[in-house]
Amino acid sequence: AVRTREPLTPGFVSLLEPFIDTIVICTMTALVIIITGMYVDTGGMSGVELTSKAFASAFPWFRYVLTLAVILFAYSTMISWSYYGSKAWTYLFGETRQADVTYKAIFCAFIVLGSSMNLSSVVDFSDAMIFAMALLNIAGLYVLAPKVKQALQSYLARLERGEIAGKK
C-alpha cells in the first residue's frame, strides 16, 4: 500500500519488523522468564500467563501493561490480517463491491467463530492457513528470485552512484 519509485525500499523497511519482534522482544521476554526463575516451576502456565507472572515478580503493576499490549497486539493483528486477506481476495475475485463485502462478511464470521472456540483450535487453524499461504509464497520466491536479485543489484548500484536520494 506504499507509493514509491523504488519498490525495494519498503522491503528493506519490512525486514526490520521481524528483527525487532523476534530478536529483541522475544529475547527480552525469554531472558525475564529465565532470570526470574519462572521457567523452573511453571505450574502449567505458558504464553502470556507465564510472561505476566515473570514480569510481575519484579513489577507488580506490569500485568496491566501486558494486558494492554496483548489487546493492542490482537487488534492490530486482526486489522493487518484482514487487510492482507482483502488484498488477496480482491486479486483473485476482482475489486468489486460484491467481492469486498463477501470477504468482510466471511472475515467477520470467522472472528465470531474463533471467539467461541478454544484458543488451541484457533491457533492451529491460523497456523494451517499461514502454512498454506507460505507454500505458495515460497514457490513464488523461487520463481521471482532472479528478478529480485537483478532489481536489488540495480538499486544498490544506483544508490552507490548517488542517483537515488538518501546517500551522500
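Visitor: What does contact mean here?
Guide: Contact means that heavy atoms lie within 4.5 Å, and on that basis Ile33 touches Met38, Tyr39, Leu50, Thr51 and Ala54, leaving aside residues up to four places away in sequence. This is a predicted model, in which local features need pLDDT of at least 70 and side-chain atom pairs count only at pLDDT 80 or more, while totals for chains, interfaces and linings use all residues. Residues are numbered from 1 along each chain as its sequence is written, and side-chain values use heavy atoms, with hydrogens and water left out.

Visitor: OK, and which residues make up the largest nonpolar core?
Guide: That core has 5 residues, namely Ile33, Met38, Met45, Leu50 and Ala54, where a nonpolar core is a set of buried Ala, Val, Leu, Ile, Met, Phe, Trp, Tyr and Cys residues joined through side-chain atoms within 4.5 Å.

Visitor: How much of the protein is buried?
Guide: Buried residues account for 14% of the 168 residues, with buried meaning under 20% relative accessible area, using a 1.4 Å probe and protein chains only.

Visitor: Switching topic, how many helices and strands are there?
Guide: The protein has 6 helices and 0 strands, counted as DSSP runs of H or I with at least four residues for helices, and of E with at least two for strands.

Visitor: And what about its radius of gyration?
Guide: The protein has 21 Å, whereas a compact globule of 168 residues would have a value near 15 Å; the radius is taken over C-alpha atoms, and the globule rule is 2.2 Å times the number of residues to the power 0.38. Along the principal axes, the C-alpha atoms fill a box of roughly 55 × 50 × 25 Å.

Technical notes: Buried < 20%, exposed > 50% of the residue type's maximum accessible area, 1.4 Å probe, protein only.
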